[in-house]
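I opened the model to look up a few points. These are my notes, in the order I took them.

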Amino acid sequence: MAVLPFPVSAPSVAAPWRLGSAAQVLTTALILAAGVVVRSMGGSIERRRGPTAGRRQRDRGERPPTITEVLSQTSAGCARVVLQTIALQAQSLIGSELAAAGIDGDATHPFSIWAHVGIPPGQVEQIGRAPRAVGLLALIGRENRTVRVRDVRQHADYRALPPHHPPITSFLAVPIRFRGGVAGCLCLGNKQAGGEFTVEDQQMAEMLAARATGALDSAPANEGKAGARQWLRAVLGQMPEGVLVVDRHGEVVTDNDALRSFMRAKTSGNGRLDPRTIEMSRPSGERLPPDELPVMRALKDRELTVAREFVVCGPDNRPVPLLVSAAPILTNAGLCDGAVMICQDVSTVRSLQRVREEWTSIVAHELRQPISVVTLRSSLLLRSQLSSEQRDSVEQIARSIRSLGRMVADLMDASLLESDRLRVTLARLDLGQLLTDVVQRTPLASSRIRMHAPEDACLFVRGDAQRLEQVIANLLSNAVKYAPPDTDVVVDLGVAAGQAHIRITNVGEPIPQDELPFIFNRFARTRAAGASGVTGLGLGLYIARGLVSAHHGRIWAESGATDGTTFHVTFPLDGPPVPIEPPVDRMRLPTQGGRDDASAAAGWS
Amino acid sequence: MVPARVLVADDDADMLAAVGDALASLGFDVRSVDSGAGLIDCLATDGPFDLLVTDISMPWMDSLKTLRSIRTAGVTTPVIVITALTDAQIPNRVQALGANTILLRKPFDLDELAAAAQRMTAGSPAGPEQQR
């Protein structure tokens, strides 16, 4: 069943999806076949057009076929493969959680062919509704333009998503054009890692949509099934990424030259690639059995693979790192009709990444050396006889060098997170004790922190004490920094939904709702932080999220004018809470009555 | 009482001087060398020492290799390994040198150095604390 990460509720102005009478010259040419140049010019895109089938027909005085006529002459399965490939490419290349592409249809059923990736099959069945041209979807069709927003829920044309549909925050949709009008759209939801879609993402999506346009434009007119297959091969053949399509029996329907250029595999008697001879391994070196190839997993288990790294044996026997995505090809009735796998050669990217990692490491190492010298020298000076003014100056030097040291450490951690090299050493630890220790060590602020924790049990988690302290210290220092001077910061530890749950709350100015989804992004600074002159790189929460994630935990924030701002962190418990025999041999900060009633009522501890 | 003797090795002259002065301020009798070869030489000619403090990154032979050689030769002097490197394998490599070896990451302040030195010389007959 086709689904759409889009509003499907109240009917609205229908989009003019059908373009039967449109005589306009194709706005986008045969991107792949005719070698279109896409060039960014201050956010706009220029395309050099080549001759199109439509133009050639018009030149001959014939009426160009409509999109419906084109598709009626083209195997729906082939068109679906093209859309599925493009949706998968979009998801993989742009980095979104959800991607979908649809074409054809009329005002009430805009997408006769709809391909999507990112929603599990079970959830697809629960949604159970086809997309309609309402809300934002109608806007794209009506105005023939791209929509790119950081929070789709704030958009004037937003309509509620159907029940069971994954929520969408950041959103990008570009029209798939045919003969100047809109024939469908390519849409992406939820940029990975909580970010927003960029101008570069938009350009990439427009280029991919143009591939769909080019493919439609080159579709055969009256050449039957064989012609459709040939068309499919031609379309996929000109894609720069390696593409492999298998049918429902696991037999290769088609592949392309790009795939064969960086992958050594044998062909069978009919000239098609034999997938059983593809030598694909995990980055660890573990060889994948033939039926474990992502395309086969997509076929057998409907498993979606998104931009995972594998290594194949190249034609010259050298290992080639690939970013691989794979998805099942589903019919409108939800049946699996085959699977598609897309492979992107990332040798160059990996090589650049290595250079950057080495550079970061060298810079961090070289900076730490002088920081160490200044740190030691300033602490030595502070132990000597100094005048009051000299002491002030040296203390200022010591503070500044500590700050510089923290920034270098943050940059290094961010670099490790980005390259997936940050390692934690997990051991069983008492989370309450760790929280207490961190609160005690929070400079100049422990008197403003009220802590509530279970007094009758210890909560154990598996964690890296140093890294968890880093997370908690960061959240506490933020909470204290942004709390009005005469207010407390409240730290709660309890159990919720079977997880250890920490809440850190202050009653400072709330974080605006439109900024809330982005505060964990790299280099994120809220407008208030920027305006108030609070210094920092904007890496603290990004690193905190990475560290929490490395502990299999979750971190999020809630903020409002009434309840202040609360940061929530959860970690899996390492076994059930362990009862403490009274008396409690644990240092407790002033808790003003221990666990508060609200927490107890909410089932905490 | 004779002050505890410490040998410091670092190829960065400023760091060598700063660590040396810091340890001297804590009451140690400090000797300084600027290479792994110098460390072995000084151990052989001017030992024994109660504590070694050495940076990892030094030309020709990094101190971890130097320390492995020293341990193989039967020298069990406590060691503080200091480093600005972030290689994830370093803690394991330091741990492999034995229980009386600890890692101190740069940048560190005087209190952290003092705590590490005190911990490593706690069993020494002439630790720095006895000098005060």
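**Sheet in chain A**

I began with Gly242(A) and found it opposite Cys343(A) in S13(A). This is a predicted model, in which local features need pLDDT of at least 70 and side-chain atom pairs count only at pLDDT 80 or more, while totals for chains, interfaces and linings use all residues. Residues are numbered from 1 along each chain as its sequence is written, and chains are lettered from A and ligands numbered from 1 in the order in which they are written.

Strand S8 (residues 242–247) of chain A and strand S13 (residues 336–345) of chain A run antiparallel, joined by 6 bridges. Strands here are DSSP runs of E, at least two residues, and helices are runs of H or I, at least four residues, numbered from the N terminus. I counted two strands as paired if DSSP finds at least two bridges between them.

Which strands form the open sheet, and in what order? I read the order S9-S8-S13-S12-S11-S10 in chain A, 6 strands with antiparallel pairing. The edge strands are S9 (252–255) and S10 (280–281) of chain A, each pairing on one side only.

Next I checked what lies across the sheet. Helix H9 (residues 294–301) of chain A lies across S8, S11 (305–313), S12 (319–330) and S13 of chain A. H9(A) runs at about 20 degrees to S12(A). Axes are lines fitted to C-alpha atoms, for helices over the stretch in contact, and angles run from 0 to 180 degrees between N-to-C directions.

**Helix H15 of chain A**

Why is H15(A) largely enclosed by the rest of the structure? It is so because 9 of its 11 residues are buried. Buried means that 20 or more other C-beta atoms lie within 10 Å of the residue's own; exposed means 12 or fewer, partly exposed in between, with C-beta atoms placed from the backbone. The buried residues of H15(A) include Tyr542(A), Ile543(A) and Arg545(A). I looked for the cover and found that it includes helix H11 (388–418), H13, strand S20 (554–560) and strand S21 (564–572) of chain A. Just after H15(A), His552(A) takes a positive phi of about 60 degrees.

Helix H13 (residues 465–481) and helix H15 (residues 540–550) of chain A pack at about 145 degrees, with their axes 9 Å apart. H13(A) contributes Arg467(A), Gln470(A), Val471(A), Asn474(A), Leu475(A) and Asn478(A) to the contact, and H15(A) contributes Gly540(A), Ala544(A), Leu547(A) and Val548(A). Residues are in contact if their C-beta atoms, placed from the backbone, lie within 7 Å. I sorted the residues of this contact into 5 nonpolar, 4 polar and 1 charged. Ala, Val, Leu, Ile, Met, Phe, Trp, Tyr, Cys and Pro count as nonpolar, Asp, Glu, Lys and Arg as charged, and the others, Gly among them, as polar.

**Nonpolar cores**

The largest nonpolar core has 91 residues, and Leu186(A) and Val340(A) have the most contacts inside it. Such a core is a set of buried Ala, Val, Leu, Ile, Met, Phe, Trp, Tyr and Cys residues joined through C-beta atoms within 7 Å. Helix H3 (residues 76–95) of chain A gives the largest share of this core, 11 residues. Leaving aside neighbours within four places in sequence, the contacts of Leu186(A) include Ile86(A), Ala90(A), Val174(A) and Leu208(A). A second, separate core of 41 residues includes Val489(A), Val490(A), Ile511(A) and Ile543(A).

**Chain B**

I moved on to chain B, which has 5 helices and 5 strands. Along the sequence the pattern is β-α-β-α-β-α-β-α-β-α. Buried residues make up 39% of its 132 residues.

Strand S3 (residues 51–55) of chain B pairs in the parallel sense with strand S1 (residues 5–9) of chain B over 4 bridges. Val8(B) has Val53(B) as its bridge partner in S3(B). S3(B) also pairs in the parallel sense with strand S4 (residues 79–83) of chain B, over 4 bridges. There Leu52(B) has Val79(B) as its bridge partner, and Asp55(B) stands opposite Ile82(B).

S3(B) is largely enclosed by the rest of the structure because 5 of its 5 residues are buried. Leu51(B), Val53(B) and Asp55(B) point one way, Leu52(B) and Thr54(B) the other. In S4(B), too, 5 of 5 residues are buried.

Last, I checked the contact between the chains. It takes 17 residues from chain B and 17 residues from chain A. On the chain B side, helix H1 (residues 13–25) gives the largest share, 7 residues.

Key
Two residues are in contact if their C-beta atoms, placed from the backbone, lie within 7 Å.
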